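Dear colleague,

Please find below the structure that I am handing over to you. My notes on what was found in it follow directly after.

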Amino acid sequence: MNELAILTKAMIQERKDIAMAIIGGFIAGIAGVSLFSLSGYLISKTVFAPPLYTLIVLTSLVKILGLLRAASRYAERLYAHRATFSLLSRLRTSFFAKLIPLTPGILGKKRSGELLARIVGDVESLQHYFLRVAYPPIIVVMVFLATVLYTSAFSIWIACLFVVGMLAAAFVVPGLVLLGLRKVHGRVRRQRTVFSTEVTELLYGFRDLKVYGQLNKREEQLQHASSALSEEQQASAVHLLRGQSLHAFVMYLISWGVLVLGAYLIMNGSFAGVFLAMLVMTSLTVFEEAAPMATLPAYKQDSEHAAKRLAETVLAADVQAPQPTAILSGNQAVSLELCGVSFQYEDEWRPALRDVSLHFPAGSKTAIVGPSGSGKTTIIELLLKLRASTSGQIRINDVSIDQLDDASIWQASNVVMQYSHFFRGTIRDNLLLGEERYTDQALSAILDKAQLTNKSLDDAVYEKGENLSDGEKQRIALARAMLRKGRLWFLDEPTSSLDYITERLVFRQLLSQARDDTLILICHRLTGLEEMDRIVVMDHGRIMEAGTYAELMEQKGYFYEMKQIELQMVGEQCEV
Amino acid sequence: MKKKTGLISEQMSAQRKRLVLLGGMSLALGAAIVGQAALLAESVEKIFVQRASFSSVAVILGILLAVMAARTLLSYGNGRIGLRMAASAKTDMRAALLRKLTRASMPAALRGQTGGKVSVALDAVDEADSYFSQYMPRMMEAAVIPILILVVVFTQHMNSGFIMLVTAPFIPIFMILVGLKTKNKSEEKFAQLAEFSGTFLDSLQGLVSLKLFGRARQHEQEIERSSIGYRDATMDILRIAFTNTFMLESIVMLGIGIVALELALQLLIFKSLSFHTAFLILLLAPEFYSLLKNTGTAFHSGRTSMGAIGKVEEMLAGTRDEGAVNPRREDGGITDGISGADRMITANKPGSDDMSLTRMPPIIELRDVRFRYAPDSFELAVGNISFGPGKHIAIVGKSGSGKTTLMHLIAGLLKPSSGEVLVNGTPLMHYDEDSWFGHVSYITQHPYIFAGTFADNIAIGAGRAVSRDDVVQAAAAAGLAAVASELEHGYDTLVGEGGRGLSGGEKQRLALARAFLKRPAVILFDEPTVGLDLQTERVLQQSIALLASKATMITVAHRLYTIRNADNIMFMGDGTLLGCGRHEELLDCLPEYAEMVDAHRKGGFA
């Protein structure tokens, strides 16, 4: 599996820490086993009244082993956790690299934020794979083998018993638990989803449910879903508990077997009685050291699930054509053309664009208008090669978009998306996303142009721009675009949160900078469109009509009617 | 968390039987542990020291196996009780949460909080699990069994007992130290951790922007840098925790070592101890310490759980002052700030007025209605107004002026702080809630589409069993026939969450179809603020006119034609009724009104 390949590669890169962790764990395990075995031997030995010095040697050895065990356990923990966090870092970077070409392609129209959060969570649960799944069995098996080797010096039969115990503790019991868990786990997940969906519905649809008298029925359903969820969760936990109990019983059974076998061998005379207590202690301790095996199945289940989901979302789409070599030159205005283009989002049932043909001559200014969901944004996404059309041809400067290098298109474009992203940092950081370097003076001038006079360059920006108002975000995004040197403008509702006057001021600045460039503007208000060369009206993924403002108004078609409705709007207010 | 919270003690008393059972089983488990050690020691003594014959130890060995099996079963049983306690506690907590959500009130400003509430109902409750399934059984075992072991050891050999008694308190002391130090350190590093941990998600969310700015590749380094930073900050915290664990384990090892040394000395030099006793103590010592050590892990998960339970309690308690934390929102879509004890007081009470007996459409009167969300928030105040049956009222005003709040008051979704809303002369609050809402349709800007079939979503409006024909008719009246034919299973296609998505215009029309099926006597209509597709706009205009012909309609109006056609306009400003009357009247006497109605259109032609 490919996702495990990423994990393995990352683990190989962290081999030093991993090796140290394994060595530490091994020493700790061995020290623990020896410690208790030695105590058993020590006590048995006293029966024969040995000289005092042997006793002193033995007891000091016990203490040294105790300290050695604690110390190597410390080292193991330290290295194992370090390795885990380093793995996380490697996983993040490699998944990020894989996601770069896939975004926004793998993101559907709905809930893209959720998908991303899920990817982050899944990568995070993958990191546990090493700490909880991959390496505990290694240590358990190593400690067991060493014990087997050691006991075989006393009795080959007892050694065989330990081999059986090892197989049961390290493989059979966890395997059984995992099988049981797999059966239940899907159900738990499903019940959780059902419950979460229904609670969300209850909250979002509260007003409708209340008015339609459906609340009681809903609550009943929810109570039912809630107890079903608790039941499934309990069933899953019982599997783990059963595994733990089974592990304990195997431990007792093997210790008991050691006792019985030892008794038999002693009576046969083929085994010295002084070692009996020691081997019983050995058996009890070596299983104690194998305790992490009990929780392993749960983590294995989780990381497998995460890996599978990651494989489905991220790696399945991993078939990438090599990047085409044609470069879009950024020095001249660009012409764009769509020929019979259709597009459908993967998670949608209707096409977002149906057989759209449009030509944007070099240096033209086009506005695209239409109700939400009519496919306006999709056109920009297709032209930017962020998504690939389902059918039809797109040409930029008469070159098919398939032959153009993505990065060169982006390099040549100044883009303001509907929802711009802002990173944690300062206003300056967020303005200087591109490669260009500017002086603070130039940056401040741009802020002025974008009518963002109340902010200074050093003002902090929180994650996702949480501390900025919608209007401020839009103005920063506009300033960011105006700092670019492309000759192609894509503006997706860039001023929807600005008041009318600010909108006009910003727009004037923008149009003067883009005087000779090709510009596509999506807008929700139908004001100020008189200056555009052409207005394209869309509805349900189709072009309803196109023309200049004057032409469309005269035609008295779709645009005219939309305009009439807009004129009826009263009391609308935007941020000032 | 120092004292047990209310929810926990509630659960504890509800589950007292299980707790008693848990105590009894723990006692039995302790007996099994001691018994196992005693039998082990006995058999080794017989085989090794006394050289007894195999047949003479066979019985002991048989009993030993039985005790081992019993021990396994008892500890399994304890685990099962814990799980059962957890399951019923979780079900109870969720039930209480759901009751709170559905009964208590209209949740305030849902939009911002839905995620948080779902996460409390789901994740916080799940986190509470380990308090019952881990912490309680472990603590019970730790409270009972070590004492039992200690008693046995004391009866066998005083000195070992003393060693164990003296070393034991170090374990909880170190546990507490570990907890405190780690907590301090993690608080110290909190900002750093928060910054680093968010970077990956932040970068993924901004990936499109990064791509467009040609920065995606460089950002890989940023992710690596922050991940390594996160690692180092976390390792600093962990190192402290591990060092303390190291100390802890050393103490345990030292304790066992001292016990072993002491036993050997007694055996060899003073000859005051039998092998059997010595071996028994040697077997019991690790059991004793590991039980104490286990409480540490249990304690940790218990703490996390208690935090989660605290969150659940907060939500259960918090609804009352929800209005205070959630500022009023207007035109905000889904459900605006509605809160407070707004449930109709007499709902389902015998003797409450049955709406069906009174005249429909009703006369609606407002009598000095006042409302505020919280003591210090702005107050909505309207004087005395009366709307005749079948009248159409438009509520007009700037955003934030209290339009939606006023509508919710009239609808009975909010309870006035003072004053009354009268329907046919009787206070609205005296009516049975279901019976009142049986006559009301509320067409919001963002109607909620439930997960279910297209037909179900329309039929929800009826409040009664309806035939498919009725549904189809209502859909056709709302201009949805074409949409239904486009869906692959027609009216039986699943829509909403997990099903087919509908456009904003289609959702709006679906709300209309619901209203057509219901044939309400009162229509509450939140007119869309954004232009929808033309088809929806046309359907909306015609359908609303049709529906309103036999109903009293109250509209939060955003369109001039709605306002012009209204029988009565309530012009709101900052929560007060600035004026009331027909369009022309208000134009004449209220300059603010004239200004507002004109302002936008002037802008459009500028």
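In this predicted model, 137 residues of chain A are in contact (heavy atoms within 4.5 Å) with 167 residues of chain B. The two chains bury about 14,500 Å² between them, and carbon and sulfur atoms give 68% of that area; buried area is the accessible area, for a 1.4 Å probe, that two parts lose on being put together, summed over both. On the side of chain B, Lys211(B), Leu212(B) and Phe213(B) lose the most area to chain A, together 6% of what that side buries.

Eight salt bridges are counted between chain B and chain A (a side-chain nitrogen of Lys or Arg within 4 Å of a carboxyl oxygen of Asp or Glu). One of them joins Asp126(B) to Arg192(A), with the closest N and O atoms 2.2 Å apart.

According to the unreviewed UniProt entry, the annotation "transmembrane region" covers several spans of chain A, among them residues 21–42 and 249–267; such annotations may be inferred rather than shown by experiment. Residues 21–42 of chain A are 100% helix, and their end C-alpha atoms lie 31 Å apart. Residues 249–267 of chain A are likewise 100% helix, with end C-alpha atoms 27 Å apart. Helices are DSSP runs (H or I) of at least four residues, numbered from the N terminus.

Residues are numbered from 1 along each chain as its sequence is written, and chains are lettered from A in the order in which they are written. Local features need pLDDT of at least 70, side-chain atom pairs count only at pLDDT 80 or more, and totals for chains, interfaces and linings use all residues, while side-chain values use heavy atoms, leaving out hydrogens and water.

With kind regards

Technical notes
Helix = DSSP H or I, 4+ residues; strand = E, 2+ residues; numbered from the N terminus.
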